[in-house]
Amino acid sequence: MWYHKPAINEELLQSLPNLKVVASSGVGIDHLDLKLLSSYGVKVSNTPFIVSTDTADMGMALLLASSRRLVEGHEMAVSPDTEYFPADWLGVEVSGATLGILGMGTIGYKVAERAKAFEMKILYHNRNQRKKEEESAVGAVYCKKIDDLLQQSDFVLLAVNLTPQTHKLIGKRELELMKPTATLINISRGLVVDQDALVEALQNKVIKAAALDVTYPEPLPRDHPLLKLKNVIITPHIGSATKKTRWVMMEEMAESIEAGLAGLPVPREVL
């Protein structure tokens, strides 16, 4: 499966009685009905670890691009109408700012490692608190309650898996808890955010900006209000989109398929 295609449903499974394994690219499995696949005796694998470094890089890239208004700055620099650069055209400082990370798994932790190099203060919320030595290595402080993280952070970065518990994790209430100077960064899944609430928050300056590598749907309808806002950066779900990573993803998927066909343990099997 690549970009969630083909759709794995009962009709497809019934048409493929010899199917042994489904190898899905990337880390997310929210598009798969694991119980249904298991009932047909089909094993599932993904590629969870290879994508983490590039996705963490993408998270920092979005944070930096949004804070320093790179997209707007580029448009100004190349516009045929630009006659001078205004002296009061300002971004937001990153060094010393507070980054709140929701989801401190492999990707979230790698974001924290990068943020430490920018001298950021790091807060995080996770289902389980990290080991003390892991926290100390990146200078991260655990927030038991999401609300505490939202209220204190200058940048809130989402790196959670999409589950029933994280569906629309960030809605109207959560956005109103954030600072009016804060930026929301999403590198997880579009459905983790209530997009209607986000549009309203951005339009009414409840928060300052958003930087999104994921939306719902993808791509957004061309008349979607998010596409018209100056304080939003949207990229086309390219967190893992580097040549090396995509190559290794393909290799890992092929390895899982070969193992499944041979009746061997499937590497990176999703249980």
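The model is predicted: local features require pLDDT of at least 70 and side-chain atom pairs count only at pLDDT 80 or more, while totals for chains, interfaces and linings use all residues. Residues are numbered from 1 along each chain as its sequence is written, and side-chain values use heavy atoms, with hydrogens and water left out.

**The two domains**

Begin by colouring residues 10-49 + 241-262 as domain 1 and residues 51-234 as domain 2; these bounds come from an automatic or database domain assignment. The C-alpha centres of domain 1 and domain 2 are 30 Å apart. Ten residues from domain 1 and five residues from domain 2 make the contact, where contact means heavy atoms within 4.5 Å.

The size of an interface is often given as the accessible area lost when the parts come together. Domain 1 and domain 2 bury about 710 Å² between them, and carbon and sulfur atoms give 50% of this. Buried area is the accessible area (1.4 Å probe) that two parts lose on being put together, summed over both.

Select next Val 27, Asp 30 and Phe 49, which supply 57% of the area that domain 1 buries against domain 2, more than any other three residues.

Which residue forms a salt bridge with Asp 30? Display Arg 189: its closest N and O atom pair with Asp 30 is 3.2 Å apart. A salt bridge is a side-chain nitrogen of Lys or Arg within 4 Å of a carboxyl oxygen of Asp or Glu. The rule finds one salt bridge across the interface of domain 1 and domain 2.

Five residue pairs in polar contact, with both residues at pLDDT 80 or more, are also found across the interface of domain 1 and domain 2. A polar contact is a pair of N or O atoms within 3.5 Å; within protein, one must be able to donate a hydrogen and the other to accept it, and residues adjacent in sequence count only if both atoms are side-chain atoms. On the side of domain 1 that touches domain 2, the residues comprise four nonpolar, five polar and one charged. In this division Ala, Val, Leu, Ile, Met, Phe, Trp, Tyr, Cys and Pro count as nonpolar, Asp, Glu, Lys and Arg as charged, and the others, Gly among them, as polar.

**Strand E3**

Move to Thr 98, located in strand E3 (residues 98-102). Helices (H or I, at least four residues) and strands (E, at least two) are DSSP runs, numbered from the N terminus. Thr 98 is buried, at a relative accessible area of 12%; buried means under 20% relative accessible area, exposed over 50%, and partly exposed in between (1.4 Å probe, protein chains only). Leaving aside residues up to four places away in sequence, Thr 98 touches Lys 121, Leu 123, Gln 152, Ser 153, Asp 154 and Phe 155.

The structure holds twelve salt bridges. For one of them, select Asp 57 and Arg 114, whose side chains meet at 2.6 Å, N to O. Asp 57 belongs to helix H3 (residues 52-67) and Arg 114 to helix H5 (residues 106-117), so the pair ties together parts that are 57 residues apart in sequence. Asp 57 is partly exposed at 36%, and Arg 114 is partly exposed at 22%.

Next, display Lys 132 and Glu 135, a salt bridge with its closest N and O atoms 3.8 Å apart. The two are separated by about one helical turn because they are three residues apart in helix H6 (residues 132-138). Lys 132 is exposed, with a relative accessible area of 56%, whereas Glu 135 is buried, with 8%.

Continue to Arg 173 and Asp 147, which form a salt bridge at 3.0 Å, N to O. Arg 173 lies in helix H8 (residues 172-177) and Asp 147 in helix H7 (residues 146-152), so this pair ties together parts that are 26 residues apart in sequence.

**Backbone geometry**

Most residues other than glycine have a negative phi, and most peptide bonds are trans. Inspect the bond from Lys 5 to Pro 6, which is cis with omega near 0 degrees; Pro 6 is in the segment before helix H1 (10-15). The bond joining Glu 218 and Pro 219 is also cis, with omega about -5 degrees. Pro 219 is found in the loop between strand E8 (209-212) and strand E9 (232-234).

Finally, select Glu 119, a residue other than glycine with a positive phi, near 60 degrees. Glu 119 sits in the loop between H5 and strand E4 (121-125) and is exposed, at 60% relative accessibility.
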